[in-house]
Amino acid sequence: MKSLKVVFLGTPEFAKTSLEAIHQSNHEVVGVVTVADKASGRGQKINQSPVKVYATENNIPVFQPEKLRNPEFLEELRKLDADVFIVVAFRMMPKVLFEMPKMGTFNLHASLLPDYRGAAPINYAVINGEEKTGATTFFINEKIDEGNILLQQELDVLQDENAGSLHDRLMEMGSKLVVKTLDGLAENSIIEKPQPHVEHPKNAYKIFKEDTRINWKAPSKTVHQFILGMSPYPAAFTTIKIGEEEKGLKIFAGKFEITDHGKPSGTLDISKNEFKIYTEDGFYFPQELQLEGKKRMTVKDFLNGFRNFEEISL
């Protein structure tokens, strides 16, 4: 099989797994483009992206431009004479960049396009209670996640699976799909096809802090899926009052029960042995949570931290 020269563009762990799969295939990674190193945490320690760490360990040239239109950066990439660029979990790319390689630039997206275009396809697949999702490789064009499809693969969403678990399974599956796509392009055996027209495709917009607030007036199943879809990151939250003090409470896991109760949604029943929140049609029982300023813990450890339950409310 013909070996292709590849430039890889990506940043997080999800991307690193695909980079590793390409590097271990018969194709050649001639360069990697990733974000600039960032200082973070209390000690302002310099952090490198997982993609940069892997590339450096394997002696692959790394580029970290602040601007993707930088003429010097573009010239350096041109000199690599890559056949194809591959993008996994990166940022918006200018046309001058994605049109550079002979074969074009393809992207791995963690959904069955055209559904769940956008920044958070894995979260929304779980939030919406999908039974199936998957991954798509497609050629990049000027519209976000709308280019011609190369390959697609389905994956069942497991019952009570959270976004973190689904992320990890799609990451592994997606990395194999990327190599399969490369092989197909090398053999000229893939027929690209336009994305099917869907009147109202499901969206996966970027998630902001306020989008992670739990709506206790929703049905129990909806609340449950929302919490799973935000877990472990960015994490669903509610606010809890302890005396006069309001604190954020992240909830990562729990279970629910559907039953008539006649109480207002969002009411709290809390004691040494039980923590339940009333929803539109039943209860939600948090099982793993994190109070603002504390570490993540089980509900048992959380309840053990209180003496006076009467002063706690939602």
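The protein chain exposes about 16500 Å², and carbon and sulfur atoms supply 48% of that area. The model is a predicted one. Of the 314 residues in the protein chain, 49% are buried. Taken along the principal axes, the C-alpha atoms fill a box of roughly 70 × 45 × 30 Å. The protein chain carries 39 positive and 44 negative side chains, and the centres of these two sets lie 4 Å apart.

The secondary structure of the protein chain consists of 8 helices and 16 strands. Contacts between residues at least 6 apart in sequence can be split by their separation: 64% of them join residues at least 24 apart.

One place to look at strand pairing is β8, which spans residues 132–139. Of the 8 residues in strand β8, 7 are buried, leaving the strand mostly covered. Strand β7, residues 105–109, pairs with β8 in the antiparallel sense over 4 bridges. In this pairing F106 stands opposite F139 of β8. Strand β8 also pairs with strand β9, residues 149–156, again in the antiparallel sense, and here the pairing runs over 7 bridges. F138 stands opposite I149 in β9. In a regular strand the side chains alternate between the two faces of the sheet.

The surroundings of F8 can be followed residue by residue. With neighbours within four places in sequence left aside, F8 is in contact with A15, S18, L19 and I22, among others. Further along the chain, its contacts include V29, G31, V32, V33 and V51. I86 and V88 are also in contact with F8.

Is E66 buried or exposed? E66 counts as exposed because its relative accessibility is 73%, and the cut-off for exposed is over 50%. E66 and T34 are 32 residues apart along the chain, and their C-alpha atoms are separated by 9.7 Å.

Notes
Residues are numbered from 1 along each chain as its sequence is written. This is a predicted model: local features need pLDDT of at least 70, side-chain atom pairs count only at pLDDT 80 or more; totals for chains, interfaces and linings use all residues. Side-chain values use heavy atoms; hydrogens and water are left out. Helices (H or I, at least four residues) and strands (E, at least two) are DSSP runs, numbered from the N terminus. Buried means under 20% relative accessible area, exposed over 50%, partly exposed in between (1.4 Å probe, protein chains only). Contact means heavy atoms within 4.5 Å. Accessible areas come from the Shrake-Rupley method with a 1.4 Å probe; for residues, only the protein chains shown count as cover. Lys and Arg count as positive and Asp and Glu as negative; His and the chain ends are not counted. The place of a charge is taken as NZ of Lys, CZ of Arg, CG of Asp or CD of Glu. Two strands pair if DSSP finds at least two bridges between them.
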